[in-house]
Amino acid sequence: MQYTYHKDSGSDIIEIEAEVHKYLFKVRRHDINEDLYFRNLEDKNIYSYKVQNIDRRKTILSLQSFEEKIIEPKKELHIGWCKIDPKSIEKVIASLNELGVTKITFINCEFSQRKYSINHEKLEKLLINSSQQSGRSSIIEIDECDCLDKFIENNPDTYMFNFSKNLIDDKKHEIKTIIIGCEGGFSKDEVSTFNKDKIVGIDSNLILRSETGVITIASKIAV
């Protein structure tokens, strides 16, 4: 783990909960005399703390120093993702964070099941854990949009990931925003109203699951 998240990082004194203490000192066996590094994921600083006091219920740390340390993806990538089962999203969200996706907007597309709702709090926890492990100094920004038309209106340079002879590899340097369908892909109306020159695919005859497709997109564009 490259650092530990704490919302109050930057304060002269912070307290860590028993669970965090257990992980740092019993699981990872961190030397209590060595500095611990924290981020608040609000600024770009990394903060160094030392243990000031430990008891059974809490551990108090005192700030030693800090520095601005920006570790961010080299390219911005905004993915519009038509809603799928949240369990499938939760399985890949950490990987997308590590690959460098900047933002994900979940969209109610025609084939999306409206019963699905996005648990922002759970996704945030998964993203924080991912950034702690990878060292990234931010997490993916999560947003939602009511419909595909509105998303495209707000993001007019959007590309669509679908079956196409226009290969994503040939366009990846131009793509900053791209949408991917849910299970079943896009409806005929959604595809027909989209600019054909901005529909891109991969050189494969196989049908990808939505979560496999989004990993493919991130791997080809963001890295």
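Visitor: How many salt bridges does the structure hold?
Guide: This predicted model holds 11 salt bridges.

Visitor: What makes K83 and E144 a salt bridge?
Guide: Their side chains meet at 3.0 Å, N to O. The cut-off is 4 Å between a Lys or Arg side-chain nitrogen and an Asp or Glu carboxyl oxygen. So the pair qualifies. The two residues link distant parts of the chain: K83 is in the loop between β6 and α2, E144 is in strand β8, and they are 61 residues apart.

Visitor: Why is K83 called buried?
Guide: Its relative accessible area is 7%. Buried means under 20%, so K83 is buried. E144 has 32% relative accessibility. That value lies between 20% and 50%, so E144 counts as partly exposed.

Visitor: How do you know that K198 and D157 form a salt bridge?
Guide: Their side chains meet at 3.6 Å, N to O. The limit is 4 Å, so the pair counts. K198 is in the loop between α6 and β11, and D157 is in the loop between α4 and β9, 41 residues apart.

Visitor: Why is D157 called exposed?
Guide: D157 has 57% relative accessibility.

Visitor: What makes E211 and R209 a salt bridge?
Guide: The closest N and O atoms are 3.4 Å apart. That is within 4 Å, so the pair passes. E211 is buried at 11% relative accessibility, whereas R209 is exposed at 51%. Elsewhere, salt bridges that share partners join K44, E72 and R136 into one network.

Visitor: How do you know that C82 and C109 form a disulfide?
Guide: Their sulfur atoms are 2.0 Å apart. The cut-off is 2.5 Å, so this is a disulfide. The structure holds 1 disulfide.

Visitor: How do you know that the span of helix α3 agrees with its 15 residues?
Guide: At 1.5 Å a residue, residues 120-134 should span 21 Å. The end C-alpha atoms are 21 Å apart, so the two agree.

Visitor: What caps the N-terminal end of α3?
Guide: N119 does, with a side-chain oxygen 3.3 Å from the backbone nitrogen of E121. Just after the helix, G135 takes a positive phi of about 90 degrees. Buried residues of α3 include L123, L127 and I128. Their cover includes β1, α2, β7 and β8.

Visitor: Why is K220 called partly exposed?
Guide: K220 has 26% relative accessibility. That lies between 20% and 50%, so the label holds. K220 is in helix α7. Beyond its sequence neighbours within four places, K220 is in contact with I168, D169, K172 and I202. K220 and I168 are 52 residues apart in sequence, yet 7.7 Å apart in space, C-alpha to C-alpha.

Notes
Residues numbered from 1 in each chain as written. Predicted model: local features only at pLDDT ≥ 70, side-chain atom pairs only at ≥ 80, totals over all residues. Heavy atoms only, no water. Helix = DSSP H or I, 4+ residues; strand = E, 2+ residues; numbered from the N terminus. Buried < 20%, exposed > 50% of the residue type's maximum accessible area, 1.4 Å probe, protein only. Contact = heavy atoms within 4.5 Å. Expected span 1.5 Å × (residues − 1). Polar contact = N/O pair within 3.5 Å; in protein donor to acceptor, adjacent residues only side chain to side chain.
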